[in-house]
Amino acid sequence: MGLIEFAAAKALASSAVFLFITLLMMAAAKRISTCIILFSTQSAIMAAEILALAYAGKSAEAYAVAALVIVVKVVAIPYALFRIVKDLKASQDVASSTTGAQSVFIMAGLILLSFHVVVPYAKTLRLDEDLLAAAVALLLAGAFLMVSRKKALMQVIGLLVLENGIFLAALTTTYGMPLVIEIGIFFDLLMGVFLMGLFVFRIRDTFEHLDVSKLRRLRG
Amino acid sequence: MTLLLLLLVPFCAALIVLTCKEPERAVRVAIAAGTLQMVAIANAVWRIRSAGVVQFGRYLRADGLTAFFLLNIAVILALVLVYSIGYLRHIPAGRFSSPRWFYSLTFLFTFTMIAVYLSASLGMLWICVESTTLASALLVGFYNTKGAVEAGWKYLVVCTVGIAFALFGTIALYLAAVKSGVNPASALDWSVLMNAAPGLAATRDLVKLSFVFVAVGYGTKIGFVPMHSWLPDAHAEAPTPISAMLSAALLNCALYALLRFDTITSHAIGSAFSHTLLLIFGCLSITVAALLMVVQRDLKRLLAYSSIEHMGIVALGIGIGGPLGILGALLHTFNHSIAKSLMFFTAGSVRESFGTLRMRRIHGMARSVPFTSAGLVVGALAIAGMPPFALFISEFMILTAAFTASRYFIAILLLLVLSVVFGALLHHVQRMLAGKRTEEPARLKPLPSQFAVMGICTTYLIVFGICIPRVFANLLQRALVVLQ
């Protein structure tokens, strides 16, 4: 077996585990910049997996998608988020409403839950159980990060993790959607992050803080 | 080509209007582009009427349902553009808040909504619905006040998460189609899916899973309870013409997306599952929204909750099904959009002359601003579903459908809700109309163009309440055929 086949097989076999590790580390992370790096790592793992799939399936479209993931999710979005963090000059704390240990335990629970959920589907559709579970876990983890972290930027990161989950679900079940659709989704994502960044600055300028749990003028 | 033109006009308009530094020029460019867009839409609707289905390339497609909703958006755009001429006097010159930015974003918003209607593929549809959020978020936060920024942020985050669920649902349907042997390259085109739908029955669970996610996802955008939290804030904090557009065009746009999925799901696994889900969302929405309408203090929030209630009624109409139910639902989307625009326009004029939208601080409207008051009364009666206004007809159709389908619980709930809504609107409106004016005299007099728009809405509501013109009925019929 050549080196490339070996790498591809390894990437397919172990990417789910690495994704779980990034999730647990994200739950434990106390600084926003750590979370950004973890998000970038997570996307890089997914890119590796897509490359492996592309190699196994000899599909040119999959190579293009992998390139998109690397450009948009591994480099561009994390870079933009770092710029925002730097320009905001605000504290780096994620302002979690659960303690670090609690978060890690909740995250572990979510991962177990996602395995429990996907088993019947994986059986009937004859799909890889680990990756499907990883996709659902990313979805749940993103939602968890969004509700438990009070900083506006962490909500953006939570959303990105959630989106990664959906992307992984598409990838493992159907080997991705048609390329044009994929490009459109990436474009939307990029614009969404750009706009959210804009709003983060506006929140800072009008409220002089970034704690979204204190945004409660509009109720009822 | 006809279809491409529909997208090119607003897109170019959005770019051109940005170069106009003086407000007057921006207004003129916007009106010209709006007129051009009307012509383009009329042409497209005409083409669709004669050809049935119009297709451009692989990604643009329009049929009877599209034509119906295109007409809706054309009417709303025209009303909003004319109303904005007067309303723009309020926009202070800020970095992003000037008339040219307002118009540019409005045209971009229109562009994305029309793109939703023209998408031939469910993936494209998703991309376009998500872009409507992105295009309108800046408009919601346009005033840059604390409330507006908060509403914009909430809108952006809640809707993006909601729509992400719809993407998951779309993928699930795609998977079901691919597993059932549809060619992966075209397994997202709704025309292909419609034909292949009976074959999807083998992957029943996946189709169900997909519809649940899509209903929650696009339901967030439609404003179904319990995913409605963004809606009142966004409607209340956006500039008034945009509130009208959100309520009258955007909600219908999301509803259109759900309708496409509903039709495919019904063809694949029977209508029982998807329609029950819609009935549940509909019942929840009308009940919660009606009760919350009673306790509202801000006029625009009251209207926003009324939008949730009406979207619930539309969901009920589709959920009950049958030609009458669906016809009622489609007609109701159109009627509601006109009545709600009228209400938002009057709310804008109230803000202009009273400087507030707090209903408790507004008194003596009937004497000091008779025309606006007349608009308010007509609008309130119309959205409460009183005859002789158009919404009475569509609500009556939905109720009749409910009784004929022996859905007595839903029919009675709907009747109860309608009476609560009527009481709430009457209570709020009469308190504003009666009494003596306590605030300082009028700050700004509304322009004739604003009254003209209100007049057009009123005329529509009365005419369509008495008899529906044949051309329109024909259009409605063609939209209905697509859904069956």
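Modeller: Helices (H or I, at least four residues) and strands (E, at least two) are DSSP runs, numbered from the N terminus. This is a predicted model, where local features need pLDDT of at least 70, side-chain atom pairs count only at pLDDT 80 or more, and totals for chains, interfaces and linings use all residues. Residues are numbered from 1 along each chain as its sequence is written, with chains lettered from A and ligands numbered from 1 in the order in which they are written.

Colleague: At what angle do helix α4 and helix α10 of chain B pack?

Modeller: Look for residues 99-118 and residues 240-269 of chain B, which are α4 and α10. Their axes are 9 Å apart, and the angle is about 25°. Angles under 35 degrees count as roughly parallel, over 145 as roughly antiparallel, 65 to 115 as roughly perpendicular and the rest as oblique. So α4(B) is, relative to α10(B), roughly parallel.

Colleague: Which residues of α4(B) make that contact?

Modeller: Two residues are in contact if their C-beta atoms, placed from the backbone, lie within 7 Å. On the α10(B) side you'll find M245(B), A249(B), L250(B), C253(B), Y256(B) and A257(B). From α4(B) come F109(B), M113(B), V116(B) and Y117(B).

Colleague: How are α13(B) and α18(B) oriented, roughly parallel or antiparallel?

Modeller: In chain B, α13 covers residues 322-354 and α18 covers residues 448-466. Their axes come within 10 Å and cross at roughly 150°. That angle makes α13(B), against α18(B), roughly antiparallel.

Colleague: How many nonpolar residues does the contact of α13(B) with α18(B) have?

Modeller: Ala, Val, Leu, Ile, Met, Phe, Trp, Tyr, Cys and Pro count as nonpolar, Asp, Glu, Lys and Arg as charged, and the others, Gly among them, as polar. Among the residues that meet are I338(B) and L342(B) in α13(B) and V453(B) and L461(B) in α18(B). The contact has no charged residues and six polar ones, and the nonpolar count is 10.

Colleague: Which element gives the largest share of the side of chain A that touches chain B?

Modeller: Here 27 residues of chain A are in contact with 31 residues of chain B. On the chain A side, the elements giving two or more residues are α6 (152-174) and α7 (179-207). The largest share, 13 residues, comes from α7(A).

How values were computed. Axes fitted to C-alpha atoms, helices over the stretch in contact; angles between N-to-C directions.
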